[in-house]
Amino acid sequence: MLYQHNRGRFEGNIKGDIGMMEELATKPQSVEEQLAPHLDDEFVLFIHSKPLLQQIKAIMENLLNFKKVSVVAVGNTKKEFIEKLSKILMTSTADVLVAPSLATKSNEQETKIDVWNNFLVNMHARINQTKNDKEKTLNCMSKMITVLEEAENYIIREKYIRMFAGYRIPSVFIFSHSQSGKLAEQVAERHPVLADLLAEHLTNSGSAIEKIKEKEDELELNKKKAEADKLMKQGQDYKESRNYAEAVACFEKAIQIMPSDPELYLESGKGFTKLKKYSRAVRRFTEAEEVAKDIPAPNMEIGNVKIIQVKEMVANGADPDGEDISKLLSEASRSFKSALDKADALKPLHDEDKTDRGAEAVSSIARSLSEHALSETLGSENAIVKEFHSMVGRSLKNKGIKDSAEISTPARITLGLVAADEGDFEGAEKLLFTAMEDKKYISDASWGLNYLGAQIRKAKMVDEAFRIYNRLLEFDPPNRAAVYFNISVAWLNKGNKVESAGNLVEAVYTDPGLPHDEMFTRNIKLMELYNELLEVFTQVKVNSKTMKPVKEPEAQSARQPEPADMHSPKPNPEFSRYKANFEKMIKGDRQKSMKVIFDFTKRERKFFESFEFFCSGLIMGVAREAFERIVNVDNPQANSFKAVIKETFEKEKNLALPSTARFQAFRAKLEEIAVSDKKLADRRLYDISVAEPGFFASVEAYESTAVMELVLDAFKRFKDVDNPKIKKFVRFLERVIERKEKYSPKAKVELPDEEKFEQLIISGKVKDATEFLRHRESESKFLDTPKMYENEAVLKFASDISRKHIDSEKAELNETAKILSAFLDNREKYIKFQGFVEAAFQAYMETMDQRKMTNSIAKAICSFPESVDKQYFYENSEMVNAALEIEKKLSGKGVGEAYR
């Protein structure tokens, strides 16, 4: 019991002592306690200002009781000051309080901080003359304690501190300006300030110097890192433009600056691989492995190089079972196995890191192996191909990866690729499209789906491949060019050259460097199609310089010409396409059509004063409605639109449109019923005013007495009817009457051959039309126009004559039938061609994006290559511009220098 009692008391005493020690340890020391161990330290006062020198000396010796404070005369000049101070710093172990003269010449715009900076530069240079070593020079400078009286605010103080730290000066004694002129009061004022500053310096100067050194090292490292990053960025830019020589040069320079960064070695090695310098590439990858032993990327890249060499040797005729190939494959196998082993061993970077780095690495290796498509070179039954699949499968099992909601996206992509290789296309599709939902990995997942489509296509399931590709394109993947490429290959496999051409052009337009990729060049049939397309699009470029849109010649007339204020636009094939697309859009979505018309006034202002615009009641109606909606809106865009439409309305008041076959038919019908049925005539007047108001502004209407009498009579009878539609109709008739009063008819002119031929057919004069065609030396030219191809009457005539007389014993009839039969063949091509043109134009109208036209334009030209030599091809400026852009992409404009 006694032992226990004493033991308890002993433990109590110990606990009490420990508590007291802890309290003493945590209790802050006073300034006097901090200074006490350093009162025998040696100090040198090297201060130019005598008042400041007296104050500091009095405080340190008399009030703080420092025993070794000496004063050194500073000399009379700056040079003498620097010479004496440098000698002290190089020979003495004392701390030196320094305050040089801050006086400047009256004519110099030098600040106090500039004076200090010049002083420090000169000091550093003087000491370095003797020491000739950066580290030793800075160690001498670190003995200084700089003393300031002028740092009035925080920002200036910070500038001083940063400047002194650059010379490894650990302490800066900053005093505010003294408010007293008496020495005793100045000493009393600065005593506590100097005591605090000395305590801070004496207890922390060592750690302060270490921190400054660390900061210097960090700044130097950051400077090197920034320089290396800049070179890395330049190298990546060169790599993207396929200029691999310049890319490698940048990576090599970066390695010299940051030899510990494995990424630089990897990028350099990849560049050497592209340049086919395989031994140098392997050397760089090996160095990357030495710098970072645990990451799998270097081993994977070494394996990649070996496989690339194998494929290149086999392509050049080497025996796939030869000794050299076997050796390279064995080396590749070992490298990929090492990469997979390292991938299996990867751990999270820290406790909060939830990323499955191992799964990501395995996914990358699996993708790399699949990307090589080694089975195409060696055959799917090749032992090494099977070994690679087996390696990836084992790694997946080692990671415990299987399809579930919990697995990471990289793991899901890996499983999808393995499933694609094993022929489980349904499972691969499910895995890879699920992975597409993770935006972080959309690039890898979309690549995997493109690969899956290729595997399905090779399994002779082309329609299923199309389904995968089209579904993938809905996601707007980053590898669109490769997807279009595979769609092109699939169409070529199905024997559809036109569809293949469209997708091939879209692929190259998306990525102009694609034709230089191995997957492209090894497909002989696709390369043949590519060269055909390049040739025909190059012809567009050549022809575009001479085959400009044809302007309608001014008709010669012996009579007085139309008044200067009459607006008389001629039909324009390009504007006719605009009209057809606008009317289709208006019928489908009136609101959208208003926005497109609004945008279109900025792109094609002349359309709004064209023959086609004034002939379309639908388009004019939407333009008026859009104008009325924003008539009170005041902003630059709205004002620009309103200005165009106002100008259009003004031109409508003075229209005199030329005659056309359609207007002739309207005139004939109205003249016929004007006599027999007035009520029906009124109805026809109304219908034409709504659908094709341009007829009533045409010379056919103006010069028909019967038609104009119908207009005047209808205006008189309906002008007082209180009905919104009738009132609108009456206003229209009133405008027609006003225009008629201004119109001055022109003399009849000779019609062109195509219009004469058309009138003979419309009039039912078959024999005359046949004879007319037979006697025209230019029959093939005047028939080869969009107007003839799109004319239903001409089509029926050609069909009848060619069918009846192709075997006629009469030479003239047989020859005519052959001409018309050739016309029908060309017309079939033209209609197909025009269908693709319309699709291109529809895409352009909806998006105002020329890129959306490329696929359809390529199909149009491929379906009718002769079209590029036709005048009508060059009437559509948007299509020509898009075709010229396609030619640039196909010919490699903008691709890196390495491929020019």
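Student: What makes S2-S1-S3-S4-S5 an open sheet with parallel pairing?

Tutor: In this predicted model, five strands form an open sheet in the order S2-S1-S3-S4-S5, with parallel pairing. Strands are DSSP runs of E with at least two residues, and helices are runs of H or I with at least four residues, both numbered from the N terminus. Two strands count as paired if DSSP finds at least two bridges between them. Four bridges join S1 (residues 42-47) to S2 (residues 68-71), and five bridges join S1 to S3 (residues 95-99), so both pairs meet the definition of at least two bridges. Strand S4 (residues 144-148) and S5 are likewise parallel, over four bridges.

Student: Why are S2 and S5 called edge strands?

Tutor: S2 and S5 (171-174) are the edge strands because each pairs on one side only, where pairing rests on the DSSP bridges. At residue level, Val-44 has Ser-70 as its bridge partner in S2 and Val-96 as its bridge partner in S3, while Val-147 stands opposite Phe-173 in S5.

Student: What makes the unit of S1, H3 and S2 right-handed?

Tutor: S1, helix H3 (residues 50-63) and S2 make a right-handed β-α-β unit; the term applies if, with the strands pointing away from the viewer, the path from the first strand over the helix to the second runs clockwise. H3 lies across S1, S2, S3 and S4, running at about 165° to S1, with angles taken from 0 to 180 degrees between the N-to-C directions of axes fitted to C-alpha atoms, for helices over the stretch in contact (heavy atoms within 4.5 Å).

Student: How do you know that S1 is mostly covered?

Tutor: Five of the six residues of S1 are buried, and buried means under 20% relative accessible area with a 1.4 Å probe, protein chains only.

Student: Why is the set of 179 residues called a nonpolar core?

Tutor: The name applies because a nonpolar core is a set of buried Ala, Val, Leu, Ile, Met, Phe, Trp, Tyr and Cys residues joined through side-chain atoms within 4.5 Å. The largest such core has 179 residues, and Phe-537 and Phe-757 have the most contacts inside it. Helix H40 (residues 811-847) gives the most to this core, with 12 residues. A second, separate core of 28 residues includes Leu-89 and Cys-140.

Student: Which conventions apply to the numbering and the atoms?

Tutor: Residues are numbered from 1 along each chain as its sequence is written, and side-chain values use heavy atoms, leaving out hydrogens and water. Local features need pLDDT of at least 70 and side-chain atom pairs count only at pLDDT 80 or more, whereas totals for chains, interfaces and linings use all residues.

How values were computed: Buried < 20%, exposed > 50% of the residue type's maximum accessible area, 1.4 Å probe, protein only.
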